[in-house]
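Please look over the model below.

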Amino acid sequence: MGRPRAFDTEQAVRTAAVLFATHGYEGTSVDDLVTATGIHRGSLYKVFGSKRSLHLTALRTHLDHEIHPTTAAIATLTDPEQALTTAIASYDNGPAAGLLLLSAAERAPHDPDVAALVTEGITALEDALRPSHGDDAPQLASTVLGTRLRLRARPTPSKEH
């Protein structure tokens, strides 16, 4: 019988999600994951199997704990301006859509499992905006996510010039 797990799996997934949301899948190395989570490489592989599997787990968790609760709250708003303002604020503060967007751009074109999760997240936002915006919901969801992507693309001011 092996030793009991000495780390919190859920915390490791949350930590990995932040890394993937900040640096993307390709920009996050296994060494980054080991350092940030404090989990030995062998244990990381034993529990998650691969970096890809950890990414999928992090994206699933991100959808379940951030995207779906956010979109459920937006769906209760019937005033179009309030719903759109809430959607924009929800996706612009912190890494709320960061993992979803980076996964959409970086991994979804090459990984059908990531594509399915990304589609689920985008569809959830569209569905949340439908009660307040009807047939315009998909376009508005694209605008909300596109705005978030534009904000991420802005270079951060550097002290070096």
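Which helix gives the most residues to the lining of the second largest pocket? H1 does, with six residues. This is a predicted model, in which local features need pLDDT of at least 70 and side-chain atom pairs count only at pLDDT 80 or more, while totals for chains, interfaces and linings use all residues. Residues are numbered from 1 along each chain as its sequence is written, and side-chain values use heavy atoms, without hydrogens and water.

The second largest pocket has a volume of about 230 Å³. A pocket here is an open set of points on a 1 Å grid, with protein on both sides within 12 Å along at least five of seven lines, and its lining residues have an atom within 4 Å of a point. Of the 13 lining residues, Arg14, Ala17, Thr61, His62 and Glu66 are the closest to the centre. Helix H1 (9–23) and helix H4 (51–75) are the elements that give two or more residues to this lining; helices are DSSP runs (H or I) of at least four residues. By class, the lining has seven nonpolar, three polar and three charged residues.

Now to the helix pair. Helix H7 (residues 112–133) packs against helix H8 (residues 137–153) at an angle of about 125 degrees, the axes being 8 Å apart. On the H7 side, the contact (heavy atoms within 4.5 Å) includes Ile122, Leu125 and Arg130, and on the H8 side Pro138, Val144 and Leu145. Its residues divide into nine nonpolar, one polar and two charged.

How values were computed. Axes are lines fitted to C-alpha atoms, for helices over the stretch in contact, and angles run from 0 to 180 degrees between N-to-C directions. Ala, Val, Leu, Ile, Met, Phe, Trp, Tyr, Cys and Pro count as nonpolar, Asp, Glu, Lys and Arg as charged, and the others, Gly among them, as polar. On a 1 Å grid over the protein atoms alone, a cavity is a set of points where a 1.4 Å probe fits but cannot get out, and a pocket is an open set with protein on both sides within 12 Å along at least five of seven lines; lining residues have an atom within 4 Å of a point. Grid points are joined across faces, edges and corners, and a volume is the space filled by probe spheres set on the points.
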